[in-house]
Amino acid sequence: MSEITYVRGDATVPSVKGVKVIAHVCNDIGGWGKGFVLALSRRWPEPEAAYRAWHRGRAANDFGLGAAQFIQVEPYVWVANLVGQRGIRTGSKGLPVRYEAIDTALGRLADKAVELGASVHMPRIGCGLAGGKWSRVEPLIAERLVRRGIAVTVYDHGD
């Protein structure tokens, strides 16, 4: 059973060979403008454009908590927009993070990674602006991805 590999660095530039999926968590209100998405948008315009179009067309598509969208940005690189955050602020309903939605989206990510024969790369999803705890997210990744033999690398930004 492989483990999650932790490295210092930028999740938008995975240095392994083969097909790679860069996964991150988005909110369910169409907001894209803070956190890891800024690093994504600096490298590729497509994930943001696809996410915004997906949100705009949500009446007729699967956009919502637990959904996943996959965008090919380079011949061997895909970005996975995982909807795992309710809104963007901590309020009466608690933190924006939704662990059940992240879990569902990770299941969709696992299917795509297996289909592509890809490794998965991510920051500590759900733990930045969404306010989640890594101790709750890490077991979901282990269960959904690692258990299926998918190599997962988690990036901690080195300053």
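This is a predicted model: local features need pLDDT of at least 70, side-chain atom pairs count only at pLDDT 80 or more; totals for chains, interfaces and linings use all residues.

Me: What's the bridge partner of I22 in β4?

Reply: That's V79. β2 and β4 (residues 77-85) are parallel too, and they pair over eight bridges.

Me: How many residues of β2 are buried?

Reply: Eight of its eight residues, counting along 20-27.

Me: And which ones sit on which side?

Reply: K20, I22, H24 and C26 are on one side, with V21, A23, V25 and N27 on the other, and both faces are covered.

Me: OK, helices now. Which residues of α4 are buried?

Reply: In α4 (residues 134-144) they're W134, V137, L140 and I141. Looking down the axis of α4, these buried residues fall within an arc of 125°, so they line one face of the helix.

Me: Why would a spacing like that give one face?

Reply: An α-helix has 3.6 residues a turn, so residues three or four places apart point the same way.

Me: What covers the buried residues of α4?

Reply: The cover includes β1 (4-8), α3 (99-116), β5 and β6 (152-156).

Me: Switching topic: how many aromatic pairs are there?

Reply: The count is four. One of them is Y6 with W134: the ring centres are 6.3 Å apart and the planes are at 80°, so this pair is edge-to-face. Y6 is in strand β1 and W134 in helix α4, so to speak distant parts of the chain, 128 residues apart.

Me: Is W134 buried or exposed?

Reply: W134 is buried, at 12% relative accessible area, whereas Y6 is partly exposed at 31%.

Me: What about W32 and Y51?

Reply: They form a tilted aromatic pair, 5.3 Å centre to centre with 40° between the planes. W32 lies in the loop between β2 and α1 and Y51 in helix α2 (residues 46-56), so the pair ties together parts 19 residues apart in sequence. W32 is buried at 8%, and Y51 is buried at 0%. Together with W54 and F63, W32 and Y51 form one aromatic cluster.

Me: Last one: where's F36, and what does F36 touch?

Reply: F36 is in helix α1 (residues 36-43). Leaving out residues up to four places away in sequence, F36 touches A11, T12, I22, H24 and P123.

Key: Residues are numbered from 1 along each chain as its sequence is written. Side-chain values use heavy atoms; hydrogens and water are left out. Buried means under 20% relative accessible area, exposed over 50%, partly exposed in between (1.4 Å probe, protein chains only). Helices (H or I, at least four residues) and strands (E, at least two) are DSSP runs, numbered from the N terminus. Two strands pair if DSSP finds at least two bridges between them. The arc is that of the directions from the helix axis to the C-beta atoms. Contact means heavy atoms within 4.5 Å. Rings of Phe, Tyr and Trp (its six-membered ring) pair if their centres lie within 6.5 Å; planes under 30 degrees apart count as stacked, over 60 as edge-to-face and the rest as tilted.
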